[in-house]
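Hi,

Here is the structure for you to look over. My notes follow below it.

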Amino acid sequence: MKHFSIFIAAMISVLLMGSCQKSQFAGDAPQGDLVTVTLNVQAPATLATKAIGDGQTADNLVFAVYDDAGVELTDLRQGDWTMSQPELVFDNSAKPQLTLTTTLVRGKEYTFVCWAQNKNTTCYDFSDMKEIKVDYSTAVAQDETRDAFYAAEFTGKITDHFSKTITLKRPFAQVNVGTADAEAAEKAGLDLNALHSTMTIENAATTLHTFDGKVSGNETVTFAIAPDPDEVLTINAAGYEGATYTWLAMNYFLVNDGAISGTGSVNGADQVNTTVSFKIFDGTTAADELCAYEVTNVPVQRNYRSHILGNLLTADGTITVVIEPDFLNPDYVVGL
């Protein structure tokens with residue numbers, strides 16, 4: 001078994017989420033009046049060009065409002081294309097955002113829940129925005145459309161018209177596999193364009209509880225075989241700044257972690273260890289398997305990337321050429 005390093009690297013863009021604690025919105029108008037709320041919802045900043053993990057695939061927002069008893073005010077839901085509502089789509093700016101408005105009652109308290117994903121992805125059930133379900137049953141490796149973002153915001157008592165900026169964060173960890181020996185493998189006859197991978201991750205959570213940011217459920221997830229990412233994996237962790245690897249595998253999953261200190265956010269989510277197994281193929285069937293690895297104690301954390309790196313495609317071989325100094329007996333004689 002080869003030895004390789006495992007480390008966890010922070011996302012390229014570290015986003016500061018607005019306070020999720022209850023706050024007062026100053027004003028002196030009578031209770032019971034209607035007030036207008038304007039929200040500027042921001043997705044993570046993107047890279048200059050489209051790449052895996054840049055957040056650009058999660059371009060649709062669903063917005064829900066809950067009363068102080070935790071009951072959704074269904075007439076205030078917006079952007080839910082599954083209910084034939086008009087879509088809320090982020091713009092194409094360097095920091096994608098959109099603006100929406102809603103009307104609330106003065107003197108009441110509310111909770112906003114924002115969930116952003118690709119509208120063509122069916123693995124998330126957000127019919128109940130308090131408990132968003134994750135379905136791994138049809139998970140395919142290297143599926144960038146599984147990227148998603150969320151935030152929950154507690155208003156405190158509404159006393160006047162107000163505006164608020166809400167920044168979304170990714171509730172998932174991204175696990176990557178990169179190799180440094182692709183060039184050597186290609187020289188040895190490997191067709192890099194034919195590479196596929198599959199991955200199994202233990203202890204994946206299945207439900208995101210948006211109000212407190214906690215998770216529940218426990219499942220071993222296997223991502224079905226798919227072509228390797230057609231991109232270069234660039235590392236930005238200390239000691240690896242700018243280092244590049246051939247990207248063999250990439251998958252998102254909901255980390256089964258511990259206590260959350262940042263209410264309604266990924267803030268305070270623990271780093272935990274899990275076991276990651278993966279196989280590399282030079283085709284699409286089990287018969288095309290090149291190598292298989294199981295890596296224990298891989299550190300993972302929500303809104304972070306974990307990288308498994310090494311010389312994964314090749315093995316060094318020693319070839320010895322020996323010339324014996326003596327001829328074997330007997331000699332062969334031909335008489336004329």
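Which residues does N203 touch, not counting residues up to four places away in sequence? N203 touches N218, E219, F253, N256 and T274, where contact means heavy atoms within 4.5 Å.

First, the ground rules. This is a predicted model, with pLDDT of at least 70 needed for local features and 80 or more for side-chain atom pairs, while totals for chains, interfaces and linings use all residues. Residues are numbered from 1 along each chain as its sequence is written, and side-chain values use heavy atoms, with hydrogens and water left out.

Back to N203. N203 sits in strand β12 (strands are DSSP runs of E, at least two residues, numbered from the N terminus). N203 is partly exposed, at 34% relative accessible area (buried is under 20%, exposed over 50%, partly exposed in between, with a 1.4 Å probe and protein chains only). N203 and T274 are 71 residues apart in sequence, yet 6.8 Å apart C-alpha to C-alpha.

Now the sheet. Its 4 strands run in the order β15-β12-β18-β19, open and antiparallel (two strands pair if DSSP finds at least two bridges between them). β15 (219-227) and β19 (289-300) each have a single partner strand, so one side of each lacks a neighbour in the sheet. β12 (residues 196-204) is joined to β15 by 6 bridges. H196 stands opposite P227 in β15.

Last, the core. The largest nonpolar core has 61 residues, and W115, M199, F253 and F278 have the most contacts inside it (a core is a set of buried Ala, Val, Leu, Ile, Met, Phe, Trp, Tyr and Cys residues joined through side-chain atoms within 4.5 Å). Strand β17 (residues 244-253) gives the largest share, 7 residues.

Best wishes
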